[in-house]
Amino acid sequence: MLSREIRDAFLDFFRRQDHLVLPSFSLVPQNDPTLLLTGAGMAPLKSYFTGEKTPPHPRLATCQKCVRTPDIDKVGHTSRHATFFEMLGNFSFGDYFKQEAIGWAWELVTTGYRLPEDRLYVSVYEEDNEAFNIWHETIGVAPDRIFRLGKADNFWEIGEGPCGPCSEIYYDLGAERGCGRPGCEVGCDCDRFLEIWNLVFTQFNRTADGRYETLAQKNIDTGAGLERLAVVLQGAGNLFEIDTMQPLLMFFSQVTGTTYKKDEVKDVSLRILTEHLRGTSFLIADGVLPGNEGRGYVLRRLLRRAVRHGKLLGQNQPFLHRAVEIVAAQYGGTYPELLSNREQIVMVIRREEERFHETLEQGTKMLYDLIWQIGRRGVLPGEAAFKLYDTYGFPVELTREILAEHQLVLDMEGFTAAMNAQRERARSMRGTAAGAREEHWQEIRHLACDFLGYDTLRAEGEIVVIFRGGQRAVTAATGDEVEVVLSRTPFYGEKGGQAGDTGLLTTAGGRVEILETVVTAQEQVVHRGYVSHGVVSEGEAAEAAVHVVPRRNLCRNHTATHLLHSALREVLGEHVRQAGSLVTAERLRFDFNHFSALTPEQLTEVELLVNEKIQADIPVQTAVAALEEARELGATALFEEKYGQEVRLVKVGSFSTELCGGTHAAATGEVGLFKIISEAGIGAGLRRIEALAGAAAYHFLNGRSNLLEAAAALLKTKAEQLPERLEGLLADNKDLQRENQRLQLKLAGMEVDGLLENISRESGVPVISARVSAGNMETLREMADRLKNRLTSGVIVLGAAADGKVLLVAAVTPDLVQRGLHAGRLVGEVAKLTGGGGGGRPDLAQAGGKNPAELDAALAVVHRLVRDQAPKPPVT
């Protein structure tokens with residue numbers, strides 16, 4: 001049974017059971033910033049399970065493409081581990097429950113797929129008597145074929161929220177695939193019993209204090225691995241030998257000249273190439289691009305691991321991209337994005353291959369030198385691994401894998417410490433940027449400081465600390481530059497790309513003008529400014545007031561940045577990801593990954609889309625969320641480093657959802673107006689847009705309008721007729737230039753006639769050396785050509801002064817070239833005398849100089865230079 005037949009049989013079966021069949025969702029989660037990648041069939045449906053959204057039908061079925069990376073190091077070394085897989089699933093939202101889910105699963109497995117019952121086993125949660133009874137009494141499975149397993153194996157939960165027991169169906173691949181131990185049975189870690197279907201009965205809600213409450217609406221979430229079913233139904237030895245994977249494996253076997261199943265070490269490399277190329281193709285098709293963070297790093301890690309194993313098989317040039325056609329052929333009928341994005345997939349893979357090949361050889365050599373040095377000590381220092389990562393872009397996971405091949409390990413604590421130290425240095429170099437490290441701030445690292453600025457721009461707090469000149473000060477007086485920490489503040493400190501607030505601190509006896517606000521590494525808000533009046537003291541109350549207009553402009557620009565990000569993703573594709581940003585009260589800057597410059601049409605479309613959302617006046621909502629689920633599904637949580645375990649979610653309707661700690665407009669209408677003022681490249685695959693919002697955008701456009709009106713007035717036309725008027729003027733100017741050139745050439749012809757009357761033979765050959773009237777090099781060359789064509793034999797050197805520079809041309813007739821005269825050397829020597837240089841062919845050359853005052857003197861030495869070059873007559 002082919003994989004596509006297995007997929008179709010599953011979906012058709014549940015379609016007959018009144019399920020709505022949906023196409024696979026993207027690997028990039030939509031409107032769920034807690035997930036890096038879609039790692040389960042239920043992940044895109046999570047909002048239906050939580051009740052946040054109403055499903056389109058109470059019964060759904062999908063074949064969902066998934067990526068998980070926790071077991072990436074096992075891929076290739078085992079027969080069943082993969083990073084990419086297809087998950088078949090049927091789901092119920094408050095409709096059917098255990099009886100139907102178990103019955104349909106058994107019916108499809110035994111009747112639809114015709115798997116022999118004597119090879120099937122079942123597991124249930126050890127306390128789930130209901131499921132046990134359904135399997136035994138209703139389905140008829142013998143008790144000795146039903147295994148009760150513990151919570152670790154058969155109970156699904158991720159922290160607080162919906163959860164429940166599981167029941168799994170296993171297929172016995174045969175004793176020859178087992179470990180041989182007497183107690184080998186369902187639940188053993190060997191390859192004998194293969195789990196092919198997992199049924200999750202979501203019937204409880206786990207509370208914060210760990211209690212399990214029965215849900216009013218019970219749900220069903222099942223998952224059957226398509227590749228695992230294919231292994232069973234096709235009688236394949238492992239997932240690399242099923243119908244969709246084998247063509248890839250054979251391709252890499254042929255390209256590398258490696259016979260499969262002849263050398264286990266080489267077989268591992270072939271399996272890694274096969275599995276990772278498939279996964280990377282799907283990731284790129286869904287818009288993921290290689291990067292150093294988040295899902296981009298997942299892709300880069302897969303690609304670089306594949307490149308390294310290709311190199312182990314003798315491939316020293318890019319070759320992975322050639323297999324994309326095979327992936328598209330195998331899966332394109334089900335996943336058309338592989339066909340429509342085929343060229344981009346090839347381009348991205350090839351580019352990443354080329355980039356990594358440049359550094360892989362150096363990094364690998366350095367690592368093997370280190371392995372030789374540590375010998376049998378068994379541990380590579382973390383600092384050494386970090387140098388490989390930092391200098392050569394060598395993924396730490398790749399270092400660990402190579403070390404494991406030599407029975408060595410990596411000091412991960414040392415690596416992490418080196419990584420953190422570099423990040424700390426980077427923060428220090430950013431000066432007053434968010435989290436900047438100042439030595440005198442160390443003494444306040446344990447102070448609590450409440451930020452109130454999301455809800456108010458004015459608040460009272462106590463002055464907890466005053467720094468003056470980097471030293472602790474009890475008081476500060478008029479003129480002193482200070483840093484002040486309050487117990488409570490509405491001032492937003494610079495971080496996350498948003499500039500800090502400005503404003504006033506007022507006490508009973510003094511006032512501090514706040515010029516900038518920053519945040520320490522421990523999140524204390526530091527107000528920087530100077531005492532403008534009186535005296536302020538530690539311990540006294542202060543009213544903190546943020547300047548309203550700059551803060552509102554910051555909010556407008558920050559919300560506009562989120563709108564811009566979403567608009568870029570909608571216009572250019574879901575691969576677009578923020579690579580940096582700067583939000584000030586005056587303007588905004590947004591860096592993002594994209595391979596080419598935006599066309600004028602794309603820029604217009606992005607700008608128009610942002611302004612449409614502004615005019616819609618969509619409310620901007622915020623909420624706090626956790627990142628636990630992202631880790632559970634096998635990928636590093638988005639923005640984990642910046643935001644920690646709890647994150648703040650900023651939503652603009654269904655258009656934009658981002659994790660952000662910044663301040664925002666209450667609704668998009670407050671942004672007012674949005675205008676892109678520039679778009680440019682700032683690095684490989686990185687683009688930058690600068691834009692204005694609100695009044696700044698209005699003033700910019702008004703200024704442009706005034707310029708147009710002024711230009712129109714100068715040209716005695718209307719602004720809307722400027723393009724037509726300019727086109728006419730440019731055409732007229734071009735005509736005048738042509739006429740001017742024609743007249744210059746006519747004058748040059750007349751001048752040529754005069755030059756022919758003044759040929760000198762004092763050097764033994766005919767020479768014309770003269771300063772002429774020529775406004776450009778083209779005219780000068782034309783004169784030299786005319787002279788050369790009218791001379792039977794001779795040397796020509798012409799010079800002219802134009803725009804404060806010297807123009808020089810030399811020509812030598814063929815007969816004198818044969819005698820050793822060289823136009824390039826002649827004109828080069830003359831040019832040196834005018835402060836320049838040049839050269840060219842023996843028969844024609846040109847040069848330039850910087851000093852027109854020396855031109856006549858330089859031309860005067862031409863006769864001597866010709867004599868020096870001309871061959872001497874033989875002595876008789």
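The radius of gyration is taken over C-alpha atoms, and the globule rule is 2.2 Å times the number of residues to the power 0.38. For a compact globule of 876 residues this quantity would be near 29 Å, but the protein chain has 38 Å. The model is predicted: local features need pLDDT of at least 70, side-chain atom pairs count only at pLDDT 80 or more, and totals for chains, interfaces and linings use all residues. Residues are numbered from 1 along each chain as its sequence is written, and side-chain values use heavy atoms, with hydrogens and water left out.

Along its principal axes, the C-alpha trace spans about 125 × 85 × 65 Å. The protein chain holds 26 helices and 33 strands (DSSP runs numbered from the N terminus; helices are H or I, at least four residues, and strands E, at least two). Buried residues (under 20% relative accessible area, 1.4 Å probe, protein chains only) make up 50% of the 876 residues.

A nonpolar core is a set of buried Ala, Val, Leu, Ile, Met, Phe, Trp, Tyr and Cys residues joined through side-chain atoms within 4.5 Å. The largest has 111 residues. Within this core, W135, I196, W197, F252 and L320 touch the most other members. Helix 12 (residues 342–374) gives the most to the core, with 10 residues. L320 is in contact (heavy atoms within 4.5 Å) with F252, L273, L277, L303, A306, V307, I349 and E353, leaving aside neighbours within four places in sequence. A second, separate core comprises 28 residues, including L563, L568, V606 and L609.
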